[in-house]
Amino acid sequence: MSRRRDAAHGASDAIGSALYGLATRAVRRLPRDMSLASAATLATLDKTGPRRITDLAVAEGVTQPAMTVLVRVMEESGLVERKGDPSDRRVTLVCLTEAGASYVRTRRQAGVDAYARLIDELTGDEVEALAAALPALLHLAELESHAREESDR
């Protein structure tokens, strides 16, 4: 590998480590009012819209029976509901209720607020560096989303 490639790889490792550390600490700080699997499922429904239980199970990396139980618990909590698929009456879709959508928005905003408070403690130069990195971070999130969609197929 060339020196330039070594430096780029080293930067990728350092950035990847920093981002992974931030993500894992953020997950640990989430409210413990529901399981991570439930919260992730709600977020998936918020992002993608109604889905079959089998599709949700694949997207969240759990078995169909486990997702069925998870959906039942969230349904009893009023966060999701099952509706027939208008294009195929044999299919049932899991949909967010207004309470479920509100929960996702509130949880997401709490995360944004927590990071905003931390960013407010940075120096002006550090905030500027993060702002300059924002297009790359957004592109990274887009690449991750596409990679996840590909792996779900």
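The legends below walk through several close-up views of a predicted model.

Before you start, note that residues are numbered from 1 along each chain as its sequence is written, and that side-chain values use heavy atoms, with hydrogens and water left out. Because the model is predicted, local features need pLDDT of at least 70 and side-chain atom pairs count only at pLDDT 80 or more, while totals for chains, interfaces and linings use all residues.

**View 1. Strands E1 and E2 form a hairpin.** Strand E1 covers residues 80–85 and strand E2 covers residues 88–96. Strands, like helices, are DSSP runs numbered from the N terminus (at least two residues of E for a strand, at least four of H or I for a helix). The two strands run antiparallel and are joined by 6 bridges; pairing requires that DSSP finds at least two bridges between strands. Between E1 and E2 lie 2 residues. To find your way across the pair, look for Gly84, which stands opposite Thr92 of E2.

**View 2. Helix H2 packs against helix H5.** Here you see H2 (residues 36–48) and H5 (residues 98–119), with axes 10 Å apart and an angle of about 105 degrees. Axes are lines fitted to C-alpha atoms, for helices over the stretch in contact, and angles run from 0 to 180 degrees between N-to-C directions. The two helices are therefore roughly perpendicular to each other; that label covers 65 to 115 degrees, with under 35 counted as roughly parallel, over 145 as roughly antiparallel and the rest as oblique. From H2, the contact is made by Leu36, Ala39, Leu42, Ala43 and Asp46, and from H5 by Tyr103, Val104, Arg107 and Arg108. Contact means heavy atoms within 4.5 Å. Sorted by class, these residues are 6 nonpolar, no polar and 3 charged. Ala, Val, Leu, Ile, Met, Phe, Trp, Tyr, Cys and Pro count as nonpolar, Asp, Glu, Lys and Arg as charged, and the others, Gly among them, as polar.

**View 3. Tyr103 and Arg107 are two residues to look for in helix H5.** Tyr103 counts as buried because its relative accessibility is 17%, and Arg107 is buried with a relative accessible area of 14%. Buried means under 20% relative accessible area, exposed over 50% and partly exposed in between, using a 1.4 Å probe and protein chains only. Leaving aside residues up to four places away in sequence, Tyr103 touches Asp33, Met34, Leu42 and Leu79. With that same exclusion, Arg107 touches Leu30, Pro31, Asp33, Met34, Leu36 and Ala39.

**View 4. Ser38 sits in helix H2.** Ser38 counts as buried because its relative accessibility is 7%. Not counting residues up to four places away in sequence, Ser38 touches Leu70 and Met74.

**View 5. Helix H3 crosses helix H4.** In H3 (residues 53–60), the buried residues are Ile53, Leu56, Ala57, Ala59 and Glu60. They cover an arc of only 165 degrees around the axis, so they lie on the same side of H3; the arc is that of the directions from the helix axis to the C-beta atoms. After H3 comes Gly61, with a positive phi near 70 degrees. The axes of H3 and H4 (residues 64–76) come within 9 Å and cross at roughly 105 degrees, which makes H3 roughly perpendicular to H4. Ile53, Thr54, Leu56, Ala57 and Glu60 of H3 meet Gln64, Met67, Thr68 and Val71 of H4. This contact has 5 nonpolar, 3 polar and 1 charged residues.
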